[in-house]
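Me: I am new to this structure. Please take me through some of its charged pairs, with reasons.

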Amino acid sequence: RFARSRSILCQGRGSAANSAVAYCLAITAVDPVRHGLLFERFLSEHRVDGRTEAPDIDVDFEMHRREEVLDYMYARYGRAHAAITAVTQTYHASSAVQDVLRALGYPAELAFALSKRLRGREPAQGADEIEAGLAAQVGFNLDEPRARAALAALRALDDLPRLRATHPGGFVLSAEPLGERMPIEGTAMGRTILQFDKDDLDAAGVPKFDFLGLGGLSAVHIAFDAIRRRTGERLELYSLPTDDAATFDLIARGDTVGTFQIESRAQIQSILQTRPERLYDIVVQVALIRPGPIKAKFVRPYTRRRRGLEPVRYAHPRLEPILRRTYGIPIFQEQAMAISMALGGFSAAEADELRRTMGHQRKLPKLHAALERLRLRMVQRGVADDVAATITDDLHSFANYGFPESHAWSFALIAYATAYLKAHYPAEFYLGLLNAWPMGFYAPATLIHDARRHGVEVRPPCLRDGEWDCTLEPPVHGDVPALRIGWKHIRGLGNAARDALQAARAAGPFTSIDDVVRRARLSRADALHLARAGAFEAFEPGRRRAAWEALRAAGDTLPLAPARHLPFDPAELEGEELIFLDYLATGVSVHGHPLQHLREPLRAAGVTGSAELGRVDDGARIVVAGLVIARQHPSTAKGTVFVLLEDEDGFINVIVPARLYE
């Protein structure tokens, strides 16, 4: 209610989306009855120490306005009755290696060389890999006494806490003063936090409410506001048509850079195979490209079955109504719960207890016990031994990372909304992304190149026509607005310069370089940053001339500053030099892509561009080149690295084997 009164976009997700009451109160937009979601995922009869466990409610707010919500909670309930929970971070192999080797006096370079090869492992697993051959590769002498001490220390650090941090949004509220029940402390940011983490609170039966910041909601809200200002049309997140052909065409061809949740390199590759056609396909897509389904090797069979390349099979007939929508593949936590009830005779409370053992390495013993109990119950109810074993093995494979269907529904609604904006309102879509940045997978440079490929004219930062944030301007041709890059993307400008420029601009438009520097009281460095970025071009053509004028206005008395009457040579900055200067000053360029000036020599060397890949025969050997704009190192990929290359025409996905990447 508070967020909506302040026009802050928000939505409940996770287990809240399993509750019809939460839906009726507009906490969530997901109708659990219509979509067949399990209420027990929200609240079950499972009891801890005689008490029913409290529901876990997550609410997302716009990233840039979440602090307003937290301030409201503290003001509404008081510091004595409201606090954020802590997070206890345990050791992983990479952090354990760095700490142990530092303590034993090893060089930092050696510690880093080991740790970067042990990402995603537990400390004891890391020790085993070091002994199995990694030590020899990096020059770590295992014959030394301190090396043996290091390995022993690593094995002792499994599941031990490393540090305590602040939870991203877990709030605890109480009728009695919290300090009478739990240890609390202040933080450097002036927050009040509990020293207990999420698992401690679960064990103590203390309810937690997650108030999280989500950049995707910020971007959507900014875009909606811009559309309303330009067209008068008032879009709502949950009122968009969910069967829009242009939106699904954009998604199906993998044109999802900048969209929420389906923009990663792995998602794009999967989307090109699954080709979503309806909203539920996006729900599955959000959950499919996650460590659980990937590790359980569910992605390939799901894709092949969806495309009709292999038949849909069910290990048992009673699995069909549970797994029909996912082609016989268990993907969601709710499906695991339904399977345990249908085949094992579990009560809803027992099914939720099984679900609660999923998702955390520290709960593995409980998971094993619950799955063994399920296997025995299935056998007792007439399920064949081998079928019961297959079902429990599948559930075990994805248990540690299985995604809630309710959560996937909530994210899919935002994913669809961003794709809808990209398909129909590209200028407003990119405006939202750039003004909500940092968020998502891609840097502003990539977003701007993508915008230009989608017919959006992008204009450079300008002190006369622009603002701190990006803005929209009337187009020269057509009806798609032009996008003006905001001053915020100029490198080197800090908070003081931001506040000074915004305050000065509020008093009226700038009229000259001298006017900007004088009214905003800019330092020599800030004036130079603006000139280098081309932000003074409207007042003084030529960045070199503008820089001298800015320095003079800032009080610089260098005798070599040129006289005002010297002519400006428009050829002084052209082509690759101008693009280079753009990247240096802002990290983005509206004047072209770095590779466009290399295209001819690259083509002469036999390098294929992304625009030509559609004409390459399958199995042909090709050479490609581009800027590396994203790298993914999934822990499930055995060292394989997924690289996204960009050239002036588009993107190229490249799979790099572990040995080649090293």
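Me: What makes Glu277 exposed?
Reply: Its relative accessible area is 61%. Exposed means over 50%, buried under 20%, and partly exposed in between (1.4 Å probe, protein chains only). So Glu277 counts as exposed, at 61%. This is a predicted model: local features need pLDDT of at least 70, side-chain atom pairs count only at pLDDT 80 or more, and totals for chains, interfaces and linings use all residues. Residues are numbered from 1 along each chain as its sequence is written, and side-chain values use heavy atoms, with hydrogens and water left out.

Me: Why is the contact of Glu277 and Arg306 called a salt bridge?
Reply: The term needs a side-chain nitrogen of Lys or Arg within 4 Å of a carboxyl oxygen of Asp or Glu. Here the N to O distance is 3.7 Å, and the side chains of Glu277 and Arg306 meet in a salt bridge.

Me: How do you know that Arg306 is buried?
Reply: Its relative accessibility is 15%, so Arg306 counts as buried.

Me: What makes Glu473 and Arg484 a salt bridge?
Reply: Their closest N and O atoms are 2.8 Å apart. Glu473 lies in strand E11 (residues 471-473) and Arg484 in strand E12 (residues 482-484), so the pair ties together parts 11 residues apart in sequence. Strands are DSSP runs of at least two residues, numbered from the N terminus.

Me: Why is Glu473 called buried?
Reply: Its relative accessibility is 13%, so Glu473 counts as buried. Arg484 is buried too, with a relative accessible area of 9%.

Me: How many salt bridges does a search of the whole structure find?
Reply: The search finds 47.

Methods. Helix = DSSP H or I, 4+ residues; strand = E, 2+ residues; numbered from the N terminus.
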